[in-house]
Amino acid sequence: MKQTGLGIILYGILVIPPVKAYIESIMLLHMLVQLPLLILAGWFIGDMLIKKFHPFFTAWNTDGVPGMILVVFITMYWMLPRALDEAVSIYYIELFKFISLPFVGLFLRDSWKKMQTLGKSFIFLNYLSMFALMAWLYIDSPIQICNNYLETQQKVLGWGFLVITIWMILYLLQAVFTDHSEKAE
């Protein structure tokens with residue numbers, strides 16, 4: 001119940017107009033802070049919803065694949081420069097952002113624990129390549145991609161994506177070269 005309250009408070013803070021306006025005024029904060037925090041709010045709120053509607057989630061999302069497909073498609077949409085741009089300019093796109101991303105957190109919480117190791121690896125590697133592609137796009141683009149953000153802000157966001165990509169690669173290397181077998185003593 002504490003997580004649900006924390007999720008509601010986090011969501012409430014993110015929708016406060018001055019907080020929302022400040023975060024959305026800086027592209028890096030918009031993409032790499034606000035969007036993940038909305039997903040985190042959904043993750044926290046999802047604890048209560050999954051317990052309350054357990055039969056639904058068990059029947060609909062048995063192995064985690066349907067929920068994870070929704071997670072991937074929604075997050076892929078929000079990685080598009082145009083979606084981020086329109087979320088600042090068009091009110092119903094922004095409303096969609098504040099509705100869809102908490103659902104991503106909910107579906108991610110329900111699906112991740114149900115997924116097989118191979119599926120989790122596929123999702124991880126998919127996001128690794130997507131973040132690398134977004135880093136390249138934002139850093140190397142010779143033109144302004146988003147109308148609401150300066151070209152320098154796009155490059156900073158690209159470097160942010162590159163840092164995330166490097167951390168993901170380091171995590172992957174650590175996972176590969178670490179002994180995961182239990183040691184008998």
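1. L170 is part of helix α9 (residues 151-176); helices here are DSSP runs of H or I with at least four residues, numbered from the N terminus. L170 counts as partly exposed because its relative accessibility is 43%; buried means under 20% relative accessible area, exposed over 50%, and partly exposed in between (1.4 Å probe, protein chains only).

2. This is a predicted model, in which local features need pLDDT of at least 70 and side-chain atom pairs pLDDT 80 or more, while totals for chains, interfaces and linings use all residues. Residues are numbered from 1 along each chain as its sequence is written, and side-chain values use heavy atoms, without hydrogens and water.

3. Helix α2 (residues 17-25) has K20, I23 and E24 as its buried residues. Viewed down the axis of α2, these fall within an arc of 95 degrees, so they line one face of the helix; the arc is taken from the directions from the helix axis to the C-beta atoms. The exposed residues P18 and Y22 sit on the face of α2 turned away from its buried side. The buried residues of α2 pack against α1 (2-15), α3 (27-52), α6 (81-89) and α7 (91-112), contact meaning heavy atoms within 4.5 Å.

4. T75, in helix α5 (residues 65-79), is buried, with a relative accessible area of 11%. Apart from neighbours within four places in sequence, T75 is in contact with I39, V104 and Y127. A polar atom of the T75 side chain lies 2.7 Å from the backbone oxygen of V71.

Note on methods
Helix = DSSP H or I, 4+ residues; strand = E, 2+ residues; numbered from the N terminus. Polar contact = N/O pair within 3.5 Å; in protein donor to acceptor, adjacent residues only side chain to side chain.
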